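Have a look at the model first, then read on.

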Amino acid sequence: MDDEKGGRIRSFVAVELPAGQRAVLGRYLEACARCAPGYRWVPAENLHLTLRFLGHLESATLDRVREGLARIREPRFRIALGGLGSFGPRRAPRVLWMGLAEGCDECTHLAAQVEEACLAAGLEPDRPFAAHLTLARSQSRGTLPELPPPPRLEPWTVDAFTLFRSQLNQPRPEGGHSSRYLPLARFALS
Ligand code: 2AM
């Protein structure tokens, strides 16, 4: 299985979506997938807001990261998803995402605390953080068709963040393959 390289574990830190927002967004992404099959749309169960991609870590390093994450003391905060955005060429974006209408500063601050824990555990510095919830990745390099308007999603309170293990290329019950994300630890915000 290629989530493990020489015993190392592929992992990342993220904010999870509540079940209600996940379900609404999941239905929207199914509609998008019918419009734009040249994109790989994230399955509802995989939706998350990445705070820090950790890559493949030795288990001792992952333990140090986990200990550092457990020492983070930050307050809960409200978050609201906003409009669609993209990375890459405007007409044929590489990645489609949803931005934050609320909670962007708090998320950025939390990501900076996570980054500190990673550096203390011996990881290389990450690229600058830009809060976004990835919805789809291009698999064809073709132009992006017009998408249905995104749903309005209720804001919610983020009361924890999660360390995930990523297992690549798991077969899906409905066919095809995608990553499977397994929560390793959840860290409460105060
Ligand atoms: P993103 O989709 O929010 O950009 C789990 O794989 C998460 O880690 C992905 O959702 C992705 O975040 C991020 N990620 C995956 N591969 C990455 C890479 N090579 N560099 C940086 N972040 C990556």
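A polar contact here is a pair of N or O atoms within 3.5 Å; within protein, one must be able to donate a hydrogen and the other to accept it, and residues adjacent in sequence count only if both atoms are side-chain atoms. This is a predicted model, where local features need pLDDT of at least 70, side-chain atom pairs count only at pLDDT 80 or more, and totals for chains, interfaces and linings use all residues. Residues are numbered from 1 along each chain as its sequence is written, and side-chain values use heavy atoms, with hydrogens and water left out.

**Ligand contacts**
- T50 has a side-chain N or O atom 2.9 Å from an oxygen atom of the ligand.
- For H132, a polar side-chain atom sits 3.0 Å from a ligand oxygen, and for T134 that distance is 2.6 Å.
- The protein buries 74% of the 470 Å² that the ligand exposes when taken alone (Shrake-Rupley method, 1.4 Å probe).

**Ligand shell**
- Residues around the ligand (a heavy atom within 4 Å of it) include R10, F12, H48, F53 and Y181.
- Strand 4 gives the most to this shell, with three residues (strands are DSSP E runs of at least two residues, helices H or I runs of at least four, numbered from the N terminus).

**Helix 3**
- Buried residues (under 20% relative accessible area, 1.4 Å probe, protein chains only) in helix 3 include C107, L110, V114 and C118.
- Seen down the axis, the buried residues of helix 3 fall within an arc of 160° (directions from the axis to the C-beta atoms), so they line one face.
- D105, E116 and A120, on the other side of helix 3, are exposed (over 50%).
- After helix 3 comes G122, with a positive phi near 100°.
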